[in-house]
Amino acid sequence: MNAFFLAFAYLRYHWARSLVLVLVTALILSVPLISQVLLNGSQTALTERAAQTPLVLGRRGSQLDLAMNALYFSDDRAEPVTMADADVIWDSGLGLPIPLNTAFETNGARIIGTSLEYFDFRGLELAEGRQMALLGEALLGAKVADRLGLGPGDTVVSAPQNLFDLDGVYPLELNIVGILAPTGTADDEGVFVDVKTSWVIAGIGHGHDGVLDEAATPGEIVASASIVEFNRITQDNIDSFHFHGDPGDYPVSAILVAPNDARAATILRGRYLDAENPVQLIVPKEVIGELVGRIFRIKALLDAVTLIIGGAALAAVALAVFLTYRLRDGEIRTAFKIGARRGMILRLLAAETFIILCTAGAIAFGITFAVQSNGSTIVAWLLAT
Amino acid sequence: MQMNTLCRRSVLGMLLSVTAMPLAAQDRPVVATDNYPLAYFADRLGGGAVDTVFLVPAGTDPSFWRPGIADISEIQSADVIALNGAGFSTWPTKASLPRSRTIDTSAGFGDRLIRTDTVTHSHGEGGEHSHAATASYTWLDFALAQEQVKVLADAMARQMPDNAASIARERDVLLADLDALDTRAMVLSDQPGAGPVIASHPRYHYFAAAYDLEITALEWDATEDPTDAQWATLETMIADTGARHFIWEAEPSAAAQRRMSALGLTDVVFSPLANTPSEGSFIDRMRGALDALESAFQEN
C-alpha cells in the first residue's frame, strides 16, 4: 500500500514524463486492437451485405466498382445503364429488378433514387415519419438524420454536380418525410428518394410555369423565353412536373436483381455472359469474396508489421523506463542509505510500472471501445469512400 | 450450394415484400385501381374474396383526381395496383408505387392506342419536343376491355396464389360478359338509322373505332347546361356532319333534352363509367347504353 502511495506521488510529481509514457503505451496497445476491430467489422459488413444481394446489373467494366457502388453507394461509379435494362429483367419474369440511381449528393450524403421494393429487400423500417409517397419526398438514413439534426418536416437540397455548369443539374429541395431505423449498414448513410425524383434532380423531369408565350397568336405555339423551372416540389406545382423522352432511356447507376429462384438466377447470368454485351450481371458475393480474401492477405502482413512495430515500441518504452531508473540512480541510493531495503525499492519501481501500464491499458480499452461503438459508421464511411 | 442459399434468401425477401407485408395489414387481399371499370373487373375476378380500393369520390373525374398522402399510403399497401394506362391518370407518375405490385393494364396493346392532339414546344436544353396525347377510355372497346381483364387476372392470380383457381373461373365468366357486349356493339353500325353521331365530350374514340361509328365530339361540361355559344357550335357541327344522334356523357337537364329534340337530334345517355355509377353495374349500364343506341339508330 505504501509502495503504491509513494509510486503514485512520484508519478504525479513527474506528471509530464508519466503522461508521455502512459500515452505512448496506450497507443502501442490500442493500434493493433483498433485495426483488428475495423478489419473484422469490414469483413462482416462486406460479406453480409454481399450475401444478401443475389445479383447486380450494371455497365460492363470494373466488377468491384459496380458492387461497391450498388452495395455501399461508393464514389466509384461506372457509366449508367438504363431503365430499359431493368425492363428486360422484369419482362423475363425471372426476377425483380430494383433500380438504384446514386448520381447525386446532399450535405455529404449520397442520394439514392430507388423503388419501394428496396426497403423490403433490405428490411429497412421507419423509425419516424412515413414512407415516401410523392415526387420530391425523401427518407433519411439514421446516421444522416443524426448528423444533420433533421427530421420529418425539414428539407435538404441536392448538391449541384458542377458549380460552374450553370446550364446543368440544378439543386432540388427534398422534403424529408421519414427517418429509417438504424441498421449498421451503408443504408444509415443514405438519403432515399423515389427513382423518379432522382430523374427530376437530373433534369429529365421538371416542372415550370406556363410554357406558352402570352403574345402568341391563336393556333401558334411559341414557348416563353422566361420559363422558370421549379426547384422545389409542392402541392401547388406538382401537377406541372413531367418527364421528357423515352422512359426506357432514363439512367440508373445499377440495378439490384432478386431472382425468383436458383434456376432463374442461372438463366439470367447466362444471358449476360457475352463480353460484347455492354451490360454485365455480377454476383456480389463472389466479387466481394475476392476483395475480402485480398484484405485478409493484407491483414496477415499488417499483423506481422504491427507485431514487429509493437515489439520495437515496447522495447523503446522499456529502454526509456530503464534509462529513467538509471537517471534515478542517486535517488535510489539515497533511499537505500536512509533505510529502504532493496526489496522495498524494487516494489516501489514495480508499483510505478504497474500504475503506468494499468492507466495505459484503460485508455487503450476506452479508445478501442469508442471505435467499436462507432465501428459500423466508420466501416460504412471507409467502404463508401 | 451458396447460390441456392443466396436465392432462397432473395426469394424469401421477395415473398416477404410481396405478400407478408401487405397481408400483415389486412386479412383479405386488396386490389387498388384508378378507375371504376378496373375496380368492377377486380371485384368480379375476386368473387367476394378480394377487397377493391377505388378512392375517387363520386362526381370527380378520375383522370383529374389527385390522391392525398393517406390515399397513396392505402394504395401502396394494396396487393395489386391496377392502372388503366394510356395516360388515363397522371398521379401515378408523381407517386411512389411498388413496381412489383403495379400493373399497366393497357401496356400490352400500346400499338392499338389512339393518339389525339399533340402539343409541340421547346424549353431547356432538350430542344423541341412533343407531348402526345392519347385517348384513354380504352374499356369502351370491349375487346380491349377483355385484354385488360386478362392482365388484371394474371396479376391477381400471381399475387394471390390461394385464389388463383377462383380468379380463373371468374375471369372466364367476365370475359364472356364482355364478349357479349362486344358482339352486341358490333351490329350497331348495321342498323338502318346508323350514321354520324355527335358526343358531348371526347370520350368515345375507342368505341367509335371498334364499332365503325363516326362520332364527333364537343367539349361540353357534363354537369352544366350548354351555353348559347355551345348550342351554336352544335348547330354548326350538325350542318357539317349531318348527324342525327347525340350522346350525352351524363344525364342532361330536361331543358337541354327539349332543345336537343328541337334541333332534330335523337339523344341517348351513354356514360363511359370512368367513375362509379350511382346505380347498376358496369355490365348492366353498358348493356343499357347499347340498347339505347340501338333503339335510337332503329328509330331514324
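This is a predicted model: local features need pLDDT of at least 70, side-chain atom pairs count only at pLDDT 80 or more; totals for chains, interfaces and linings use all residues.
Residues are numbered from 1 along each chain as its sequence is written, and chains are lettered from A, with ligands numbered from 1, in the order in which they are written. Local features need pLDDT of at least 70 and side-chain atom pairs count only at pLDDT 80 or more, while totals for chains, interfaces and linings use all residues.

Chain A holds 12 helices and 14 strands; these are DSSP runs numbered from the N terminus, with helices (H or I) of at least four residues and strands (E) of at least two. Its overall dimensions are as follows.

| Property of chain A | Value |
|---|---|
| Radius of gyration | 30 Å |
| Span of the C-alpha trace along the principal axes | about 115 × 50 × 35 Å |

A compact globule of 385 residues would have a radius of gyration near 21 Å (taken over C-alpha atoms; the rule is 2.2 Å times the number of residues to the power 0.38). Of the 385 residues, 36% count as buried, that is, with 20 or more other C-beta atoms, placed from the backbone, within 10 Å of their own.

Chain A is divided into domain 1 (2-45 + 293-384) and domain 2 (55-282), with bounds from an automatic or database domain assignment. The C-alpha centres of the two domains lie 49 Å apart. Their contact takes six residues from domain 1 and 10 residues from domain 2, where contact requires C-beta atoms, placed from the backbone, within 7 Å. On the domain 1 side, helix H12 (residues 375-384) gives the largest share, five residues.

Definitions and conventions:
A residue is buried if 20 or more other C-beta atoms lie within 10 Å of its own, exposed if 12 or fewer, and partly exposed in between; C-beta atoms are placed from the backbone. Two residues are in contact if their C-beta atoms, placed from the backbone, lie within 7 Å.
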